[in-house]
Protein chains: 4
Amino acid sequence: MPLIDRNSQGVYIIAATPFTDTGALDMASTDKMVDFYLETGVTGMTILGIMGEAPKMAGDEAVNFERHVLNRVDGRVPVIVGVSAAGLDNMARLAATSMDAGAGGVMVAPQPGMVTEAKLNSYMAQVCAAMPEVPICFQDYPQTTGVQVSVDTIIGLTVDHPQIVMLKHEDWPGLTKLSQVRAKTGTGDVPRLSILTGNSALFLAQEMQRGADGAMTGFAYPEMLVQVVSRHQAGDVDGAEDLFDAYLPMVRYEQQLGLGLAIRKEVLRRRGVISSAKVRAPGPSLTPRDHEELTRLMARLDKRLKELN
Amino acid sequence: MPLIDRNSQGVYIIAATPFTDTGALDMASTDKMVDFYLETGVTGMTILGIMGEAPKMAGDEAVNFERHVLNRVDGRVPVIVGVSAAGLDNMARLAATSMDAGAGGVMVAPQPGMVTEAKLNSYMAQVCAAMPEVPICFQDYPQTTGVQVSVDTIIGLTVDHPQIVMLKHEDWPGLTKLSQVRAKTGTGDVPRLSILTGNSALFLAQEMQRGADGAMTGFAYPEMLVQVVSRHQAGDVDGAEDLFDAYLPMVRYEQQLGLGLAIRKEVLRRRGVISSAKVRAPGPSLTPRDHEELTRLMARLDKRLKELN
Amino acid sequence: MPLIDRNSQGVYIIAATPFTDTGALDMASTDKMVDFYLETGVTGMTILGIMGEAPKMAGDEAVNFERHVLNRVDGRVPVIVGVSAAGLDNMARLAATSMDAGAGGVMVAPQPGMVTEAKLNSYMAQVCAAMPEVPICFQDYPQTTGVQVSVDTIIGLTVDHPQIVMLKHEDWPGLTKLSQVRAKTGTGDVPRLSILTGNSALFLAQEMQRGADGAMTGFAYPEMLVQVVSRHQAGDVDGAEDLFDAYLPMVRYEQQLGLGLAIRKEVLRRRGVISSAKVRAPGPSLTPRDHEELTRLMARLDKRLKELN
Amino acid sequence: MPLIDRNSQGVYIIAATPFTDTGALDMASTDKMVDFYLETGVTGMTILGIMGEAPKMAGDEAVNFERHVLNRVDGRVPVIVGVSAAGLDNMARLAATSMDAGAGGVMVAPQPGMVTEAKLNSYMAQVCAAMPEVPICFQDYPQTTGVQVSVDTIIGLTVDHPQIVMLKHEDWPGLTKLSQVRAKTGTGDVPRLSILTGNSALFLAQEMQRGADGAMTGFAYPEMLVQVVSRHQAGDVDGAEDLFDAYLPMVRYEQQLGLGLAIRKEVLRRRGVISSAKVRAPGPSLTPRDHEELTRLMARLDKRLKELN
């Protein structure tokens, strides 16, 4: 099965976890969703992250879902599994199960409380020791974790731990940080680091221009992410940004913290990808007014895309 | 001098405080900036907020700046003065000085620590008692204050305190909250409440559609804010949103927390409004790469605006 | 099996989860620990809370541990199970499993994000609906959850939901809040509410004097908690406080956030209650200097207790 | 006038700012308070900190108060002035004014937002450059500032900036950190660093045993702080801790965040040191129940001290 590495690039779509209206895992929708993502041209997939509602699933549900996705993907692209957990034992167990089932790597965000860089370094050393050789994507997301990480700490982590091969960059504001990490990796004694950007892709065009290798986010129109990255890689910087800007009103709408998950599931439902937009409780839900607004925004997007072509 | 009231609408631009390259107050640029804002058609102005770097000014500087602005505006539009302070005495003194000098009202954000609604209610009662009859804009900005305020608490504040006439709405995600505050004010026993939206205008089109009276933010192209609000008020909802979307890449760029102030001052400098983009220390500054990126974004904005016309 | 109710009182000791040096569940130590707690005279027990390292246990481990404890207790005192979880489904499942196994109730802390009282009320309504008739202890611990709860909200919760019968009070500073909740419950239309206090018992004497029904915390000398509460209930207010003050240096030492768990397990180990002071990773550990300090503090405590008698 | 340096030791009492019942500066009480502090044997004084309600004073009030205190102290002990401010200009101006008036140094806490150690280092370099040669006490108080500082960062700051001569240590839990800073300073290439501990002195005995040079806090019985430090320095480690433990119930009572200021002022009032316990709004106040509780605690303290002698 394909693994992530320091040259991974493209779009690693963050997959939703489809439920039925009553909240059960919906495996039929899961298959359709996996097929849909692959048809849009994503180069990887990330499951069981926050957007995947992993913390709201029972342990066996999570494993069942993971195996189902991995079977359906069948090695066509690497699949990253979110394994962040309060305890190292649980984390290592899920990592091992995942790699055995064919995952391409795991994603780890620092636990709240790793609040000095000394503590973070010590924590990540424990994490790496607990899952030797498993390729790791380090998630830098201080808005959620409360853990602030400097550029030098990121460099130190990837130098000290060869298995930390990828950065999910979603600090904000973070454009200068991205430029610095890119400039300081892949040169001299510091190995290359794959940088995929998150934060709902709100700055994807700028991030590609600053050297990102692609995106890792759950935008409900993954074809935009794929095309922006591929146009950029083909040298069409303006074309990439034109397309991005056309989708920006929707990107901005989905980026609403918490609520964004309900919006994404509803867009995927409207697009015929999943059967239900159900989010497990406690979770966000859309008001009738939100539904009208989303209808308007989707129609405006269609209109704008036609103008562009 | 004109006062804010429950029917205030339009655009209250949040004014920067212009400094020279060495960090002194730049009164010539202040005059140009005031004139520029008024020429774009703003219906009000807000000074000495966070964007105005008020906490970095000496007490007498703040008063000098305020008087200078009020003189230049000369009653053409109401001017709101940010008076949030750790102590009530300082707050009341600045409010009194401001109203004497011709301000149209003051803006108050809850102090950190007013963390239950009981505490917030008690605090706002003290604030109102300390500045009787001064019209107040209540700033609901939990991302910065840490104080979460429910719809019912907002309603209660404006019912209990007739002088609380305006809400600066910048909770996020906050669209449903805006709809609810609009629905529950101006009906029956609850008086109307002027609602101006902030949060860098990232959702201005949606907010107008949900009943906002306008915007209060510091976007460096105030003419966009003015036109979006006036088109909307004239019934051209689509035209308002088309224009907004054209500016959205720049709105999103300026919305970067902290860094946005440096970007706004640089845009105002490039547009010839102020002489220096100086931000007082400690403060954000733009890298050479940021400057290039801004150049690109400004050029793209010009191009897009030409396409629209 | 005995259930918690609105008149529950005494000491509900928060139980550690004993591990072997290699981190496995230590059932022999668990038995000894349960026996020890019961011999000190506790009137209840709370398991799988934060101090119980529940988030670091696998799902089946938690259930095994819970069943083992409930068997050993064998109905002699009510056992409360901490069921706070990110998702309602997981919470309801654990609550049902627990009650089936003989638990006396569950403890629920609000999830982060329930940051207005409207959101909290809605959340607790969902929680109650998901576990009908299960007696609930509501944990008010804003230092950890980030959720601030006013006195009126607490009253509203216990009035609206008859199953919310107990408050674990650990807001800080919180003495006035405790007085207010006591004054406003058990009178007129508001039913009585059992109030047990936490926050490591740092103010236990004062809290009893203000009307608390007892303590719920994990102090490694539960006999102190038991005697302070029983002396107080017997009218010996001074004697209760004298004894409390003798232990205060140790109470204060154990109250260190995070580190306190390592200290408590080490004290229990030294007292012969559990075999290993192992805390699962990532977790606090004691330095050699800490061990010396603890030795000194334990010796000083012995000396002081002798003086008192 | 005496300056703080790397060998400063003893007790730097954090002074309250006495107000009249109507909230005006009370200079007569200020004189009595200064005399009282000096009579207890403090070796230094710190004014205009958070406990001094500096953020609630007008700029000229703060300067008047500072000059008054410095005159009254008249060079008998060094006086540290809290100068933390949002802007460097204001900070540097207050530092210069203070040193001109005879202060012995200034205290600086990092501004919120200096959230990586790279940012903090850059900020402190700016601070030092803005007030060359002014002796600085660096306040490490993450519970309030939100800025986490590692041991290595503290070492780096005092090595890079010879003017950073003192650490106010109030991280919590922080005993191991204190041991590490002590072990790593005053040896080899790292100069000695004066370490005074804060956090309301809750661990003063332990901190002295781990190598602190003394205390900087505002406990309303400064004679305890003085005697604990001096007994410890004289080698009477047990006697120091016995005395400390006698006061611990009161130390713990005053340590209540926010409320502690009202308690301290009330104790000082009852002891005849200041005329009014007035705290400026918005601020904590004591309920009648709190007053009774304080009366009880003060009486118990007297009784316990008699037992000790």
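A: **The contact of chain A with chain C**

Between chain A and chain C, eight residue pairs are in polar contact, counting those with both residues at pLDDT 80 or more. On the chain A side of this contact, helix H3 (88–100) and helix H4 (117–130) each supply at least two residues. H3(A) gives the most to that side, namely four residues. Sorted by class, the side of chain A that touches chain C has nine nonpolar, three polar and four charged residues. The model is a predicted one.

The contact draws 16 residues from chain A and 16 residues from chain C. The two chains bury about 1300 Å² between them, and carbon and sulfur atoms account for 55% of it. Two salt bridges cross this interface. C:Arg280 forms a salt bridge with A:Asp89, and their closest N and O atoms are 3.4 Å apart.

**The contact of chain A with chain B**

Chain A also meets chain B, in a contact that takes 33 residues from chain A and 33 residues from chain B. About 3000 Å² is buried between chain A and chain B, with 47% of that area coming from carbon and sulfur atoms. On the chain A side, A:Arg252, A:Arg296 and A:Arg300 lose the most area to chain B, together 20% of what that side buries.

The rule finds 14 salt bridges across the interface of chain A and chain B. In a salt bridge between B:Arg300 and A:Glu241, the N to O distance is 3.4 Å. Residue pairs in polar contact between chain A and chain B number 22, with both residues at pLDDT 80 or more.

Four helices of chain A each supply at least two residues of the side that touches chain B: helix H7 (175–184), helix H8 (204–209), helix H10 (237–254) and helix H12 (288–308). H10(A) gives the most to this side, with ten residues. By class, the side of chain A that touches chain B has 13 nonpolar, seven polar and 13 charged residues.

**Aromatic pairs**

Over all chains, a search of the whole structure finds 16 aromatic pairs. In chain B, the rings of B:Phe36 and B:Tyr37 form a tilted pair, 5.8 Å centre to centre and with 45 degrees between the planes. B:Phe36 and B:Tyr37 are both buried.

In chain D, the ring centres of D:Tyr221 and D:Tyr247 lie 5.7 Å apart and the planes stand at 55 degrees, so this pair is tilted. D:Tyr221 lies in the loop between strand E8 (214–215) and helix H9 (222–233) of chain D, and D:Tyr247 lies in helix H10 (residues 237–254) of chain D, so the pair ties together parts that are 26 residues apart in sequence. D:Tyr221 is buried because its relative accessible area, 5%, is under 20%. D:Tyr247, at 4% relative accessibility, also counts as buried.

In chain A, ring pairs link A:Phe219, A:Tyr221 and A:Tyr247 into a cluster.

**A loop arginine in chain C**

C:Arg271 sits in the loop between helix H11 (259–270) and helix H12 (288–308) of chain C. Leaving aside neighbours within four places in sequence, C:Arg271 is in contact with C:Phe36, C:Ala220, C:Tyr221, C:Pro222 and C:Glu223. One of these, C:Ala220, is 51 residues from C:Arg271 in sequence and 9.0 Å from it in space, C-alpha to C-alpha.

**A strand glutamine in chain B**

B:Gln139 belongs to strand E5 (residues 136–140) of chain B. B:Gln139 has a relative accessible area of 10% and is therefore buried. The side chains of B:Gln139 and B:Glu170 are joined by a polar contact of 2.7 Å. Apart from neighbours within four places in sequence, B:Gln139 is in contact with B:Met107, B:Val108, B:Ala109, B:Pro110, B:Lys168 and B:Glu170.

Technical notes:
Residues are numbered from 1 along each chain as its sequence is written. Chains are lettered from A and ligands numbered from 1 in the order in which they are written. This is a predicted model: local features need pLDDT of at least 70, side-chain atom pairs count only at pLDDT 80 or more; totals for chains, interfaces and linings use all residues. Side-chain values use heavy atoms; hydrogens and water are left out. Contact means heavy atoms within 4.5 Å. Buried area is the accessible area (1.4 Å probe) that two parts lose on being put together, summed over both. A salt bridge is a side-chain nitrogen of Lys or Arg within 4 Å of a carboxyl oxygen of Asp or Glu. A polar contact is a pair of N or O atoms within 3.5 Å; within protein, one must be able to donate a hydrogen and the other to accept it, and residues adjacent in sequence count only if both atoms are side-chain atoms. Ala, Val, Leu, Ile, Met, Phe, Trp, Tyr, Cys and Pro count as nonpolar, Asp, Glu, Lys and Arg as charged, and the others, Gly among them, as polar. Rings of Phe, Tyr and Trp (its six-membered ring) pair if their centres lie within 6.5 Å; planes under 30 degrees apart count as stacked, over 60 as edge-to-face and the rest as tilted. Buried means under 20% relative accessible area, exposed over 50%, partly exposed in between (1.4 Å probe, protein chains only).
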